[in-house]
Amino acid sequence: MFQAFVIQALVTGGVYALLAVGFSLIFGVARMVNLAHTSFLMLAAYGMFYTTYRLGLDVFTAILISLVATVVIGLASYKLFIDRIREHEVTVMLITLALATIFQECMVLAFGAHFREAPTLIPGFIEVLGVKISYQHLLTIAVVAVVLVAIWLLLTRTKLGIAIRATAQDTEVANLMGINVSQILLIAMGIAAALAAIAGIVVAPLWVVYPYMWMNPLVMIMAIVVLGGLGSIKGSVIGAFIIGLVEAAVVFYLPGGAFLRGAIALLVMVILLVVRPEGLFGIVFEEERL
Amino acid sequence: MLRRLFKDIQGDIFAIPGRLIAFIFLITLFFIPLLTQESYILFILILVNIFVIFAVSWDFISGYTGQINFGHAFFFGVAAYTAALLSKNLGLQPWATIPIGAVAATLAGMLMCLPALRLRGPYLSLVTLAMPLILLGVIKAFPDFTGGEHGISGLPALAGSRMAEYYIALVAMIVSVFIMWKLVDAKSGFVRIGIILHAIREDEIAARATGINTIRYKLLAFIIGGFFAGLAGGLYAHFLRIAGPATLDLMLSFQAIIWTVFGGIVSIYGAVVGVYILFPLMELLRQFGVPVWPGSDIMFSDLRFLIFSFLVIIILLFMPEGFAVWVRDKLERECPRCKLSNASWRKECRACGAELH
């Protein structure tokens, strides 16, 4: 029981971490709240379902197609719709929400509003101390770890990463230093969409694939990102694992936990925010302090 | 005296196209039940009026103070459930449960403010987003008391006949919108809250520096807005005779934002226009069961969310200020000298004669 709980917490936290890092990245760089972020997870999960079960491709081609298609859709929707109204904060939120609805309705039209499942990437399970743990769960945790380390290396050790962080700190000064800001925004959007797509590909076999699957994670990652401090990548990862742990604990140890898991995770966020209004690792900008 | 009234109307309403449209629209609303008795049309219009109160109260809280509230359904749901529980358990009638529900929503607004007002910008939005979802989880976890997924049904109806319900909803809408419109009027001489809320939205730090207790005014905005959203929630519960989880739905909170931003944020009338266009449009599309092309099994009614979303995107891309504000800017022009509104086709100002161009 306890091992299963730990695995569940790590998987949920890990998937939330992938999503939250992308969300945080795009918020930090472009100052936009992208409500369509988790629908990229949904699109990638449907991509896996379609390419393997409908087209009969093998798993690696399926992964490649899903990943590339999701990133292309993400970049195209950014270029076409979001780029020119980036300054209007509320308008961006509404447009991304409308985009999420469009993706959802397209999936309903294409595949119907049924529960689907995606193929497990590695079938089978191992027994650890008498508890069966499927390889898919372990794979998810491994992928999350690798991708998080890769993104950390990218952001801290490469020129591109430094440019992204500079843009996040101060767009105008970054522009003056010769950084092509609009190109950086596009790259950040691509990275965010790719992270969501990876999360969707590894988690599709564990969750149910259906057109409305983007709503619940969206609320949770927004809670996580705020909890960790908006724009802080480190905060998002730690916040994701806190929320994942709380969710798993509620599901495993409380009666009626399946209904309450979201509520209690959000309650934890509210309480933490009251204690620390700028989030765990948030930065208070001088002009924003009150 | 009648002559003076007529003169006032002529000067302040007929001269400005925007006001003239609003005036004709208002008169028409009162006469609709005389033109058609069809139950379905009145049903839609009653819901439209209820949602107008809801959307305008969102504009009041979020548009005017700049505190974007993502959980506006919280007030709606609290009031709906309060009204439902009161009438179910205590047997109270709608005239008692709706005001009590609205007061409960006001208290809920104060509760929401405890964490919310310590926070700013996106942080506040996210905490408000969490509120209805937390309550939703609690409601689903205790189905014996709250009805769980199915909600509480079998409430007493708002009034005996559809027509009476229509007039109740219409009068409630007009009175609420009028009160909120007057409260946020920045040019008003005797209500100061309007100009203070504008100041908070434009620059909160400057407002504090001039000695305004911004926290108190934000709290006041949440309380007043919460009251009217609660009023809408109570009316909704008694009109449909059910209070269910849909009243706390995430989509309902977003609907309020979509309606308001579509019509034009920070304008009150924008929210009214938004609901009056978008809500009936959705209903119309739902009824439109014609195949997209002959012989296909995809109906236009299946595409309604798709069409709706595309419409919202297109409007926002080309009229970021909102539809109603865009139309108004086309119809009216402000006199550069005396700041009076004029019809855009006039050559000179109707009051001071300054040249318009």
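Because the model is predicted, local features are reported only where pLDDT is at least 70 and side-chain atom pairs only at pLDDT 80 or more, whereas totals for chains, interfaces and linings use all residues. Residues are numbered from 1 along each chain as its sequence is written, and chains are lettered from A, with ligands numbered from 1, in the order in which they are written.

Chain A has eleven helices and two strands, where helices (H or I, at least four residues) and strands (E, at least two) are DSSP runs numbered from the N terminus. Read from the N terminus on, the order of these elements is α-α-α-α-β-β-α-α-α-α-α-α-α. The radius of gyration of chain A, which is 19 Å, is close to the 19 Å that the globule rule gives for 290 residues, so chain A is as compact as a globular protein of that length; this radius is taken over C-alpha atoms, and the globule rule is 2.2 Å times the number of residues to the power 0.38. The C-alpha trace of chain A spans about 60 × 45 × 35 Å along its principal axes. Of the 290 residues in chain A, 52% are buried; a residue is called buried if 20 or more other C-beta atoms, placed from the backbone, lie within 10 Å of its own, exposed if 12 or fewer do, and partly exposed in between. Among contacts in chain A between residues at least 6 apart in sequence, 73% join residues at least 24 apart, a contact being a pair of residues whose C-beta atoms, placed from the backbone, lie within 7 Å.

Chain B contains 15 helices and four strands. Its radius of gyration is 22 Å, close to the 21 Å that the globule rule gives for 357 residues, so chain B is as compact as a globular protein of that length. The C-alpha atoms of chain B fill a box of roughly 70 × 60 × 50 Å along the principal axes, and 44% of the 357 residues of chain B count as buried. When contacts in chain B between residues at least 6 apart in sequence are considered, 67% of them join residues at least 24 apart.

Between the chains, 34 residues of chain A are in contact with 35 residues of chain B. On the side of chain A that touches chain B, the elements that give two or more residues are helix H4 (89-111), helix H9 (215-228) and helix H11 (257-275) of chain A. By class, this side of chain A has 27 nonpolar, five polar and two charged residues, with Ala, Val, Leu, Ile, Met, Phe, Trp, Tyr, Cys and Pro counted as nonpolar, Asp, Glu, Lys and Arg as charged, and the others, Gly among them, as polar. In soluble globular proteins, nonpolar side chains tend to be buried together. Not counting residues up to four places away in sequence, B:Ala130 touches A:Ala223, A:Leu266, A:Met269, A:Val270 and B:Gly71.

Within chain A, the axes of helix H1 (residues 2-30) and H9(A) come within 9 Å and cross at roughly 65°, the axes being lines fitted to C-alpha atoms over the stretch in contact and the angles running from 0 to 180 degrees between N-to-C directions. In this pair, A:Tyr16, A:Leu19, A:Ala20, A:Phe23, A:Ser24 and A:Phe27 in H1(A) meet A:Pro217, A:Met220, A:Ile221, A:Ile224 and A:Val225 in H9(A), and the residues of the contact divide into ten nonpolar, one polar and no charged.

Two residues of chain B other than glycine have a positive phi. B:Arg241, with a phi of about 60°, lies in the loop between helix H11 (214-240) and strand S2 (242-243) of chain B and is partly exposed, with 15 other C-beta atoms within 10 Å. B:Ile268, with a phi near 60°, lies in the loop between helix H12 (250-263) and helix H13 (269-287) of chain B, and B:Ile268 is buried, with 25 other C-beta atoms within 10 Å.

Key: Contact = placed C-beta atoms within 7 Å.
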